[in-house]
Amino acid sequence: MSGQSSCLLLLIVSSKATGADHSPSLLTLRYRSPLPLPIDLFAVVPLYDDLHGEEFRVTFLGHETQHFLDLDEYDSLESWELEYRAKLIELSMAKETLANVLQKFVEDQRDDPSYPHSYANQKLIGDLLAKLQLSEPQRLLEVDYTVINHTAFALFEADNAARND
């Protein structure tokens with residue numbers, strides 16, 4: 001298979017989402033992965049309106065794929081560092097969903113690494129504000145999505161460079 005492995009994506013479809021009167025069913029999809037390692041991802045389908053839409057591609061596939069890449073590449077990342085890097089990838093990919101993604105990150109910030117998602121949000125928002133020379137997190141919502149995409153990817157690349165020195 002020339003360096004590609006099969007990727008299992010297990011989707012749990014609840015009876016509430018389908019309107020059926022039976023227990024949740026499972027939908028299994030297989031994707032080709034560029035990674036030379038097996039990947040199993042699990043998603044509860046009712047959380048996403050469209051499995052082909054941007055929200056699913058960005059907040060689930062993009063985010064979780066970055067975790068797998070990082071776990072394969074780096075041995076000693078803290079949980080918040082994994083989240084920070086995956087969230088940068090989300091922001092580098094988002095267009096239609098960018099405002100919602102940014103708003104979630106802005107609303108959920110903590111200065112405590114024992115809360116990895118919230119701590120990563122705080123670092124990410126701080127880094128974006130510094131890079132874009134903005135003073136208030138809400139101002140990020142006024143910035144064109146392409147600027148956020150490029151800035152997030154530049155921060156990701158800078159993080160890579162710092163780790164690979």
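1. Gln133 is found in the loop between H5 and H6. The model is a predicted one. Phi of Gln133 is near 55°, a positive value in a residue that is not glycine. For comparison, most residues other than glycine have a negative phi. Gln133 counts as exposed because its relative accessibility is 73%, and the cut-off for exposed is over 50%.

2. Helix H3 covers residues 79-93, 15 residues in all. From first C-alpha to last, H3 reaches 22 Å, close to the 21 Å expected at 1.5 Å a residue. H3 is mostly covered, with 13 of its 15 residues buried.

3. The largest nonpolar core has 23 residues, and those touching the most other members are Leu91, Leu102, Leu124, Ile125 and Leu140. At least two residues of this core come from each of H3, helix H4 (98-107), helix H5 (116-132) and helix H6 (145-163). In soluble globular proteins, nonpolar side chains tend to be buried together.

4. Leu124 deserves a separate entry. Leaving out residues up to four places away in sequence, Leu124 touches Tyr84, Lys87, Leu88, Leu91 and Phe105.

5. The second largest pocket holds about 180 Å³ of space. Helix H2 (54-73), H3, H4 and H5 are the elements giving two or more residues to its lining. Twelve residues line this pocket, and Thr59, Lys87, Glu90, Lys104 and Phe105 lie nearest its centre. By type, the lining of the second largest pocket divides into five charged, four polar and three nonpolar residues. Two of the residues nearest the centre, Lys87 and Phe105, are also touched by Leu124.

Technical notes
Residues numbered from 1 in each chain as written. Predicted model: local features only at pLDDT ≥ 70, side-chain atom pairs only at ≥ 80, totals over all residues. Heavy atoms only, no water. Helix = DSSP H or I, 4+ residues; strand = E, 2+ residues; numbered from the N terminus. Expected span 1.5 Å × (residues − 1). Buried < 20%, exposed > 50% of the residue type's maximum accessible area, 1.4 Å probe, protein only. Core = buried A, V, L, I, M, F, W, Y, C linked by side-chain atoms within 4.5 Å. Contact = heavy atoms within 4.5 Å. 1 Å grid on protein atoms, 1.4 Å probe; cavity = no way out; pocket = protein on both sides within 12 Å on 5 of 7 lines; lining within 4 Å. Points joined across faces, edges and corners; volume = space filled by probe spheres on them. Nonpolar A, V, L, I, M, F, W, Y, C, P; charged D, E, K, R; others polar.
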